[in-house]
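Subject: Structure handover and findings

Dear colleague,

Please find below the structure that I am handing over to you. My findings follow it, arranged by topic.

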Amino acid sequence: MQVFTKVMDTQASTDTFPILGTDHIEFYVGNAKQAAHFYQSAFGFKLIAYRGPENGCRDYCSYVLQQGKIRFVLSSSFRKDHEIAKHVNEHGDGIKVLALWVEDVASSFAAAVSRGAEIAFEPYRSHDEFGEVIIAGIKTYGETIHTLVERKNYHGAFLPGFIAKDSQFTPQDLGLLYVDHCVGNVELGQMNRWVKFYQDVLGFKLLITFDDKDISTKYTALMSKVVSNGNGYIKFPINEPAQGLKKSQIDEYLEFYNGPGVQHVAIATDNIIDTVSRLRANGIEFLYVPENYYDDVMDRVHHIDEDLAVLKSLNILIDRDEEGYLLQIFTKPLQDRPTVFFEIIQRKGARSFGKGNFKALFEAIEREQELRGNL
Ligand code: FE2
């Protein structure tokens, strides 16, 4: 049975930085129209809002997609000097904004800044006929930012400036429910700095520590610490590369992203077999873990509700901790650069991150790295 190092419980007695949940995740991409179609057709998101030249936004456009509680914003610009174009040139398609939904932006922003947050932009109000929102931004690793969004006085489709929009194309919902966790990759020696940032500035707690003995294969290694906010809704694992014989997956990411950034977004489902079957039917490719993974997995996880043969046929991984078990699978990178990918996760009691699968997974990633000539 796998054990994991539980450093501290998520339940904080006093929450010094209340967060209601993930508000949205914004991707800066080269072609938002096509990216929006991909996330609709392959992942089952639904178009809900839009902003672009048709409603007065002259330099860029954004498509807002939703499924369950998850909102993705896909933005691209028309001008070479625009911030979005520069970001895409530097990093490829990637995640710029992890937006946090808060009750009161003014007090959250003031608290974060007083504890050392770097300002991305000062709080501002914007309104339209559906009400008012207040938004501010603070910087995190690399060029990634956290916007803070207060929307209790707003009932429009997304934010002021966006128009409600749907598409004639209505993809089938694939059962993606909410963002379970978002993982950041940072440079060697920087993991503790960013863990401290989340602890000191945003009042997060250190939840779990994985060292290079937990996460290593014959060739490569990485270290990871997971921080979580007061109510446990927001979980941010932070990875850094560790010394190994060959180039780690984190190094490959840092090289192709040109610095730190979001490595993966884990999305929860309550029926991973159905979700993954339909993602595969829609052409989504997943990391391949060899069939012998399943030979002894039951010795490790004991009883599960699902049929192992079905999990094996879909290449879904299983892990257990003291509280229950989880099922998970990882997509291949979502764009040409080997950077951002998704995890699909179904938790059945387990609150951990699949430590028992790390070795098999990282070997799978290394096989892909080798094919790219980056190992
Ligand atoms: Fe994950």
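Two terms are needed at the outset: pLDDT is the predictor's confidence in each residue, from 0 to 100, and a contact means heavy atoms within 4.5 Å. The model is a predicted one. Over residues 1-12 the pLDDT stays under 50, and for this stretch the model has 39 contacts beyond four places in sequence. For the protein, the mean pLDDT is 93, with 97% of the residues at 70 or more.

Domains

The protein is divided into two parts, domain 1 covering 19-164 and domain 2 covering 174-372. Their centres, taken over C-alpha atoms, are separated by 25 Å. Domain 1 brings 41 residues to the contact, and domain 2 brings 42 residues.

Aromatic rings and charges

A search of the whole structure gives 24 aromatic pairs. One of them joins F121 and Y124, whose ring centres are 5.8 Å apart; their planes meet at 45°, so the pair is tilted. F121 is partly exposed at 25% relative accessibility, and Y124 is partly exposed with a relative accessible area of 41%. A further pair is made by F197 and Y198, with ring centres 4.9 Å apart; because the planes stand at 80°, this pair is edge-to-face. F197 is buried at a relative accessible area of 11%, and Y198 is buried at 0% relative accessibility.

Ring pairs also link F27, F38, Y39, F43, F45, F72 and F342 into a cluster.

Charged side chains are found over ring faces too. K165 lies over the face of Y50, at 4.5 Å from the ring centre. R347 lies over the face of F353, where the distance to the ring centre is 5.4 Å.

Backbone angles

Most residues other than glycine have a negative phi. N258 has a positive phi, near 60°, and is not a glycine. This residue lies in the loop between α5 (249-257) and β14, and N258 counts as partly exposed at 44% relative accessibility. N315 also has a positive phi, of about 65°. The position of N315 is in the loop between α8 (308-314) and β15 (317-321). Is N315 buried or exposed? With a relative accessible area of 6%, N315 is buried.

I19 is found in the segment before β1 (21-28), and it is buried, its relative accessible area being 2%. Which residues does I19 touch, not counting those up to four places away in sequence? They are L100, W101, V102, F204, N229, N231, Y233 and I234. The C-alpha atoms of I19 and I234 are separated by 7.9 Å, although the two residues are 215 residues apart along the chain.

R193 has its place in helix α4 (residues 191-200) and is partly exposed, with a relative accessible area of 49%. Between the C-alpha atoms of R193 and Y141 there are 9.7 Å, and the two residues are 52 residues apart along the chain.

With kind regards

Methods. Residues are numbered from 1 along each chain as its sequence is written. Side-chain values use heavy atoms; hydrogens and water are left out. Rings of Phe, Tyr and Trp (its six-membered ring) pair if their centres lie within 6.5 Å; planes under 30 degrees apart count as stacked, over 60 as edge-to-face and the rest as tilted. Buried means under 20% relative accessible area, exposed over 50%, partly exposed in between (1.4 Å probe, protein chains only). A charge sits over a ring if NZ of Lys or CZ of Arg is within 6 Å of the ring centre and within 35 degrees of the ring normal. Domain bounds come from an automatic or database domain assignment. Helices (H or I, at least four residues) and strands (E, at least two) are DSSP runs, numbered from the N terminus.
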